[in-house]
Amino acid sequence: MFKKPFSIGQSHKVSGADRKKLRRALEKTFGVSEEGLEALLPAKSGELECVKLASPSRVVLYLYDGQPILFDPNGKGDFVPTIFALWRLPTLLPQVYVKHPAVSRYIVGGADLMLPGVLLPPGGLPYFEKEQLVAICSPGNVAPVAVGTATMAATDAVVRILGSGATGPKGKLVELLQYYGDYLWSEVGARGVPNGGFLSDGVVPVGVTSVEATLTHEGGPDDGGDNDPWEGGADRAAESASDEAAARITRDLTLGSVSTTGDSDDTLTRRPEDLSSRPGTTNNDNNTNGNNGNSNRNPDGASTSSASLVGGEEARAAVDMDSLLQTALLQALHKSVKDADLPLNSSALWNQHLLPVRPAGSTLDVKKSKHKKMSKFLQFYGKLGLLTCKEDKHSGDVIVTSINRNSVLYTEYRAYKASATAAVEAAAATGGGNGATSAASGASGPAAAPSSSAAGAAGCIGPPGAPSVGELRIEELYKPGKELRPIFVDIGLNPEALYSASDAGEVVFEYVKAAGLEKGAPDNRTIVLNPALCDALFKGLIKKGETYPTHLAKADLREAFLRRMHLQCRISKGQQQVVRKGQLPVVQISTEKRQGNKRVTKVVGLEPFFVDLEQVAGECQRRFACSTNLVELPGKGAGHEVILQGSFVEQVADFLMQQYGIPKKYFQEKK
């Protein structure tokens, strides 16, 4: 993007309010902590300047104390950190390491990162998706050399590298957006460097004086031979005995100062335990010899041999995973997925329904099944007649639109108890953490169990293309009213906690059992109301002159109990969580006629669902090829509305359901 010279246009100082908005945008986009934000863009100190490049470019730069830390390629709020920002906060983006410091020569020259030049650590590449921003680093130097967008997901890259054979992998992994050595670095960044390892022709470990010092005289990447690792040939250090010394130097630089004395491979491959998880640490023998006893791990942590991706053990594991996935799907359809929840995209079905109901102690991983992808998994059960699915034309995601509850698979399945699911097991292990209904310490009974819509436990592996965190989760919970508090206290439960509808119903029946209210009842379908329960259920509801009931049908007990509880909605997304009183307001999508026959689409009420309205406006503009606007509604705290030029009521609703996981029942459409 900055390979060619450019001219600076208008510039202005960024106000304190705009700086806060920018910090919030960075926090939402990259998940930066408060400490990270202070390192990247301090809240008060320093001077922040907004600079626009001269027309026709739409690039917007953000300079902190004269140093470019962010740029917006299209001026639409799609912020990209520069290498100067990554030098302040190296962990901001997933880091991909090149195989050898010599490969950094090509990066400094502006070449995209190709798969032959990528270093595959024992733990696999860090997790990233296609078109996600990643940082490129050189072995032995933690400061990133460049930032760019991934052309494929990390899992696809690992498969290509491990399955490439002797010819080496082919293809591009990262397209550069900004790099050390471009015109942004030289003209605006004043040619700054983070450490002594950043040389004019490449990046090497600190203390090394040149790129040539990491190479032997012959066989280096600059010899112009056909085996240049950047051009796609196999690395000569990995294949030629004459370059074994270069391979050892590379290994030592990557590991940080491992002794090279002696010829024993055991000495060279011995790695300190504290380096095992550091990005960029590897044993190059893993790349040079597929039969040396070492193994690589894919991004999911599954050990795979470089000689064969799938063997007998993998085939048996795939069969077991197929059965486990089918069990989780049928359990979710019976116990979790309601017709009102449809349509459901694959990530929402996975995170909100399949993971919580999987058998306790199990781990779901679509990639270890015969389906390999969530889309194939859903389409398979679509062909069996259990599900009706459609593919979204824009995102390619598979969406479940209906469930055939008369299917043989559905009717013959016998659901297991909720107490045997992983969500309950995780909640019990953590004392009822996120996704579980809160209860007093030491409480037992139904209050200690999580609500039916609790999220999946940690350690689950999401489907390809779906993040395991950050999914929107909405739980309808109930808080005891003041009349019911004595009931909860009598059975040792917390009256301030939140309970799901099913848990609240079990509370009242536990109280009936503890108080012996079934004794003396005329039949087994009725209970006797003692003064405490009678007041809890009917005090204030009985009109003057009417008598309080002495008995109540068990069928009416649960409803009468819930009537005295207050509905609360808990909305959570990633680390954000809020509890709102009452029913959640719906998202209103309507059209309005303006200036003759021209129509606009208005979207109101997205704020409670942790949605970035500016991001929604930008995505709608690109997806529907229309102009959009964000307008503040009149009144204090009334929120904002997104306005689209044109009529897109149904399309916008489908987009918001698929992209942000907002359930269908929270939409109100008016044409």
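Trainee: How many salt bridges does a search of the whole structure find?

Mentor: The search of this predicted model finds 19 salt bridges across the whole structure. As a general idea, side chains of opposite charge can pair when their charged atoms come close. One case is Lys13 with Glu47, whose side chains meet at 3.4 Å, N to O. Lys13 lies in strand E1 and Glu47 in the loop between helix H2 (34–40) and strand E2 (48–53), so this pair ties together parts that are 34 residues apart in sequence.

Trainee: Is Lys13 buried or exposed?

Mentor: Lys13 is exposed, with a relative accessible area of 52%. Glu47 counts as partly exposed, at 42% relative accessibility.

Trainee: Which parts of the chain does the pair of Arg570 and Glu475 link?

Mentor: The side chains of Arg570 and Glu475 meet in a salt bridge of 3.1 Å, N to O. Arg570 belongs to strand E21 and Glu475 to strand E18 (residues 472–480), distant parts of the chain that are 95 residues apart. Both Arg570 and Glu475 are buried.

Trainee: How should I read the pairing of strand E21 with strand E22?

Mentor: In a regular strand the side chains alternate between the two faces of the sheet. Here, E21 (residues 565–573) and E22 (residues 576–581) pair in the antiparallel sense over 6 bridges. Ile571 stands opposite Val578 in E22. The two strands, E21 and E22, form a hairpin with 2 residues between them, and Gly574 in the turn has a positive phi of about 65°.

Trainee: In what order do the strands of the open sheet stand?

Mentor: The open sheet consists of 5 strands in the order E1-E2-E3-E4-E5, with antiparallel pairing. Strand E1 (8–13) and strand E5 (80–81) are the edge strands, since each pairs on one side only. Within this order, E3 (residues 60–64) and E4 (residues 67–72) pair over 5 bridges, and Val60 stands opposite Asp72 in E4.

Trainee: Which residues of helix H5 are buried?

Mentor: An α-helix has 3.6 residues a turn, so residues three or four places apart point the same way. In H5 (residues 154–162), the buried residues are Ala154, Thr155, Ala157, Val158, Ile161 and Leu162. They cover an arc of only 160° around the axis, which puts them on the same side of H5.

Notes
Residues are numbered from 1 along each chain as its sequence is written. This is a predicted model: local features need pLDDT of at least 70, side-chain atom pairs count only at pLDDT 80 or more; totals for chains, interfaces and linings use all residues. Side-chain values use heavy atoms; hydrogens and water are left out. Buried means under 20% relative accessible area, exposed over 50%, partly exposed in between (1.4 Å probe, protein chains only). Helices (H or I, at least four residues) and strands (E, at least two) are DSSP runs, numbered from the N terminus. The arc is that of the directions from the helix axis to the C-beta atoms. Two strands pair if DSSP finds at least two bridges between them. A salt bridge is a side-chain nitrogen of Lys or Arg within 4 Å of a carboxyl oxygen of Asp or Glu.
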